[in-house]
Amino acid sequence: MATLSASFVLPSELKPSSLPHQKHQQTSLFIFRRTPSKKHRSFVPTARLFGPAIFEASKLKVLFLGVDEKKHPGKLPRTYTLTHSDITAKLTLAISQTINNSQLQGWYNKLQRDEVVAEWKKVKEKMSLHVHCHISGGHFLLDLCARLRYFIFSKELPMVLKAFVHGDGNLFNNYPELEEALVWVYFHSNIPEFNKVECWGPLKNAEAPCGAEGSLHKDKREGEASSNWEMPESCQDDCACCFPQMSLIPWTGEAGAAWSESEPQG
């Protein structure tokens with residue numbers, strides 16, 4: 001019977017020759033490689049620390065589920081659910097009115113928890129994109145890898161945002177001003193250090209790879225967020241300037257007490 005064990009590799013210890021070369025493993029947040037032994041084989045997850053996070057359109061499958069491709073998200077709820085398959089090397093992006101729970105089922109997805117979900121919100125007439133990542137909580141392997149997962153999610157997010165923009169291309173063609181919307185990233189963790197919200201600035205900058213022209217480095221994002229960008233807060237009463245009135249993805253701000261500990265609403 002296969003057993004699960006975690007392997008932690010520091011950048012200084014990881015040699016390029018030791019990295020897996022199979023194409024089907026390159027889109028995964030964590031790479032699972034089989035390690036032979038005398039009596040059994042074990043799955044050893046190794047973080048992909050090196051190499052640029054490059055978006056490949058040919059590997060993206062887009063599903064439109066009950067949404068109008070051209071309907072503005074300030075009038076009709078719009079969410080993104082992004083998952084990947086190590087077997088097919090494909091990314092699957094569901095664009096729907098609620099989180100697509102069917103993508104998040106199965107033991108493999110519940111073990112990895114490397115999906116990214118997001119929703120559009122209009123708050124006081126301003127559009128913003130709210131992106132959620134699960135860092136830790138749920139089982140001990142995620143807790144042990146929390147710092148590494150936070151690092152990797154931060155590194156991979158520009159590619160994720162690029163997938164959103166490409167997959168929902170008709171929306172952005174019709175409403176190019178949406179690329180000016182601020183991106184708010186929620187890191188869900190049962191460890192207070194990693195349970196946080198960051199503003200990544202306008203979408204057109206946030207989707208640029210780190211180091212590219214127009215991109216924002218993490219330290220710059222955090223500095224500008226505290227001085228120029230304020231977390232949007234919806235009106236307490238029913239109004240026409242906020243939509244939807246209730247967030248489709250829960251966030252309480254308490255460590256481990258939100259979407260990561262419960263089934264995404266849908």
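The model before us is predicted. The two strands concerned are S8, residues 126–134, and S9, residues 182–188; they run parallel and are joined by seven bridges.

Let me widen the view to the whole sheet. Seven strands make up an open sheet of mixed pairing, and their order is S4-S6-S5-S7-S8-S9-S10. At the edges are S4, residues 60–65, and S10, residues 196–202, each of which pairs on one side only. From one strand to the next, the twist averages 20 degrees.

I turn now to strand S6, residues 91–96. How do its two neighbours pair with it? S4 pairs with S6 in the parallel sense, over six bridges, and Leu60 stands opposite Leu91. S5, in contrast, pairs with S6 in the antiparallel sense, also over six bridges; here Thr79 has Ser96 as its bridge partner. S5 and S6 form a hairpin with six residues between them, and in the turn Ala89 has a positive phi of about 65 degrees.

Is S6 enclosed or open? Because six of its six residues are buried, S6 is largely enclosed by the rest of the structure. In a regular strand, side chains alternate between the two faces of the sheet. In S6, Leu91, Leu93 and Ile95 point one way, while Thr92, Ala94 and Ser96 point the other way, and all are buried.

The next element is helix H3, residues 146–167, which lies across S4, S5, S6, S7, S8, S9 and S10 and runs at about 135 degrees to S8. H3 is mostly covered, with 17 of its 22 residues buried. From its first C-alpha to its last the helix reaches 29 Å, close to the 32 Å expected at 1.5 Å a residue. Where does H3 bend? The bend, of about 40 degrees, is at Leu157, and a proline, Pro158, follows within four residues.

Finally, I draw your attention to Arg78, which is found in the loop between S4 and S5. Is this arginine buried or exposed? Arg78 has a relative accessibility of 1%, and because the cut-off for burial is under 20%, it counts as buried. Its side chain makes a polar contact with the side chain of Asp168, at 2.7 Å.

Notes. Residues numbered from 1 in each chain as written. Predicted model: local features only at pLDDT ≥ 70, side-chain atom pairs only at ≥ 80, totals over all residues. Heavy atoms only, no water. Pairing = 2+ DSSP bridges. Axes fitted to C-alpha atoms, helices over the stretch in contact; angles between N-to-C directions. Contact = heavy atoms within 4.5 Å. Buried < 20%, exposed > 50% of the residue type's maximum accessible area, 1.4 Å probe, protein only. Polar contact = N/O pair within 3.5 Å; in protein donor to acceptor, adjacent residues only side chain to side chain. Expected span 1.5 Å × (residues − 1). Bend = angle between axes of the 7 residues up to and from the residue.
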